[in-house]
Amino acid sequence: MATAEQTPIGADEATLTRDRRGAEQPMGIWPIAPGMWKVGTGSSDYSEYTVDLQEGRCTCSDWEYRGEPGSGEINRCKHAARILMALERIHPPADADVDQTLVAQRKRWSR
């Protein structure tokens, strides 16, 4: 069984910010293929994104502009962070006000 990694002390602020948003903002997640997930934002302006965990990509604009390999700006977007937290591959930042849907998602999707 894989263990979740703690956000390392000294992790870059961009990653911590996206991890915090991924933990705090309401989002729906559902698998669409092995390693592929859809994420629906819970905001009043609903959007859906596709996250490919195997390739480490997301269809969001944050990833498009800051996450492409070689850009070096971010390690993951909030959508990928949300899925990784739901699967318990990473933990929410200690200072995050965790959204209750994430708590339910962790119960459903973690193994």
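1. Lys38 stands opposite Thr50 in S3, a position within the pairing of S2 and S3, which is antiparallel and runs over five bridges. Two strands are taken to pair if DSSP finds at least two bridges between them. Helices (H or I, at least four residues) and strands (E, at least two) are DSSP runs, numbered from the N terminus.

2. Before going further, please keep in mind that this is a predicted model, in which local features need pLDDT of at least 70 and side-chain atom pairs count only at pLDDT 80 or more, while totals for chains, interfaces and linings use all residues. Residues are numbered from 1 along each chain as its sequence is written, and side-chain values use heavy atoms, with hydrogens and water left out.

3. S2 also pairs with S1, again in the antiparallel sense, through six bridges, and in this pairing Pro31 stands opposite Trp37 in S2. S1 and S2 form a hairpin with two residues between them, and Gly35 in the turn has a positive phi of about 80°.

4. On the surface, Trp30, Ile32 and Tyr46 form a nonpolar patch whose accessible area together is about 300 Å². Patches are made of residues with over 30% relative accessible area and no salt bridge, where like charges are joined within 9 Å and nonpolar side chains (Val, Leu, Ile, Met, Phe, Trp, Tyr) within 5 Å; the areas come from the Shrake-Rupley method with a 1.4 Å probe, and for residues only the protein chains shown count as cover. Ile32 belongs to strand S1 and is partly exposed, with a relative accessible area of 42%. Buried here means under 20% relative accessible area, exposed over 50%, and partly exposed in between (1.4 Å probe, protein chains only).

5. Which residues touch the most other members of the largest nonpolar core? Of its 23 residues, these are Ile29, Cys58 and Ile83. Such a core is a set of buried Ala, Val, Leu, Ile, Met, Phe, Trp, Tyr and Cys residues joined through side-chain atoms within 4.5 Å. Strand S1 (27–33), strand S2 (36–41), strand S3 (48–52), helix H3 (78–86) and helix H4 (100–109) are the elements that give two or more residues to this core, and H3 gives the most, with six residues. Cys58, not counting residues up to four places away in sequence, touches Tyr49, Thr50, Val51, Trp63, Cys77 and His79, where contact means heavy atoms within 4.5 Å.

6. H3 deserves a separate look, as eight of its nine residues are buried, among them His79, Arg82 and Met85. The buried residues of H3 pack against H1, S1, S2, S3, strand S4 (57–58) and H4. Just after H3, Glu88 takes a positive phi of about 60°, in a residue other than glycine; Glu88 lies in the loop between H3 and H4 and, at 29% relative accessibility, counts as partly exposed.

7. A search of the whole structure finds five salt bridges, a salt bridge being a side-chain nitrogen of Lys or Arg within 4 Å of a carboxyl oxygen of Asp or Glu. One of them joins Asp62 and Arg18, with the closest N and O atoms 2.6 Å apart. Asp62 lies in helix H2 (residues 61–66) and Arg18 in helix H1 (residues 13–24), so the pair ties together parts that are 44 residues apart in sequence. Both Asp62 and Arg18 are buried.

8. Another salt bridge is formed by the side chains of Arg76 and Asp19 (2.8 Å, N to O), a pair that links the loop between H2 and H3 to helix H1 across 57 residues. Arg76 is buried, with a relative accessible area of 15%. Leaving aside its neighbours within four places in sequence, Arg76 is in contact with Thr15, Arg18, Asp19, Trp63, Ala81, Leu84 and Ile90.

9. Finally, the side chains of Arg20 and Asp95 meet in a salt bridge (3.1 Å, N to O), with Arg20 in helix H1 and Asp95 in the loop between H3 and H4, 75 residues apart. Is Asp95 buried or exposed? At 53% relative accessibility, Asp95 counts as exposed.
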